[in-house]
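Trainee: Could we go through this structure together, one question at a time?
Mentor: Gladly, let's take a look.

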Amino acid sequence: MTTEISHLHLQLPPGFEHRAQRIGRLVGEALARRDGLPAGRIDQLRVGPVQVECRHSDHEVAGRIAASIHIAITTAHGG
């Protein structure tokens, strides 16, 4: 099964401007590795805030965001 995210808008805290593109890509990669995303369509899903700090690596920030998205998708589908 394929889960498709057509649009992802991230609002990161100040200081992350130069890291945003990479974090966005890493969020997509982290979600692609997750199992158990339900099939279906969700028109809009709001997630956050997700607690991140500048000292966190891009991978850690992306992993936290992906985990929150995964939980929100599962919850939206009654899981």
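Trainee: By class, which residues line the largest pocket?
Mentor: Bear in mind that this is a predicted model. The lining includes 4 charged residues and 10 polar ones. The nonpolar class there has 16 residues.

Trainee: How much space lies in the largest pocket, and which residues are closest to its centre?
Mentor: The space in the largest pocket comes to about 1,100 Å³. Its lining is made up of 30 residues. Closest to the centre are H7, L8, H9, L45 and R46.

Trainee: How are helix 1 and helix 2 oriented to each other?
Mentor: Two packed helices are described by the angle and the distance between their axes. For helix 1 (residues 20-32) and helix 2 (residues 58-76), the axes lie 8 Å apart and the angle is about 50 degrees. Their crossing is right-handed. Helix 1 and helix 2 are therefore oblique.

Trainee: Which peptide bond is cis?
Mentor: Look in the loop between helix 1 and helix 2, where P49 is found. With omega near 0 degrees, the cis bond runs from G48 to P49.

Definitions and conventions: Residues are numbered from 1 along each chain as its sequence is written. This is a predicted model: local features need pLDDT of at least 70, side-chain atom pairs count only at pLDDT 80 or more; totals for chains, interfaces and linings use all residues. Side-chain values use heavy atoms; hydrogens and water are left out. Axes are lines fitted to C-alpha atoms, for helices over the stretch in contact, and angles run from 0 to 180 degrees between N-to-C directions. Helices (H or I, at least four residues) and strands (E, at least two) are DSSP runs, numbered from the N terminus. Angles under 35 degrees count as roughly parallel, over 145 as roughly antiparallel, 65 to 115 as roughly perpendicular and the rest as oblique. A crossing is left-handed if the near helix is turned anticlockwise from the far one by less than a right angle, and right-handed if clockwise. On a 1 Å grid over the protein atoms alone, a cavity is a set of points where a 1.4 Å probe fits but cannot get out, and a pocket is an open set with protein on both sides within 12 Å along at least five of seven lines; lining residues have an atom within 4 Å of a point. Grid points are joined across faces, edges and corners, and a volume is the space filled by probe spheres set on the points. Ala, Val, Leu, Ile, Met, Phe, Trp, Tyr, Cys and Pro count as nonpolar, Asp, Glu, Lys and Arg as charged, and the others, Gly among them, as polar.
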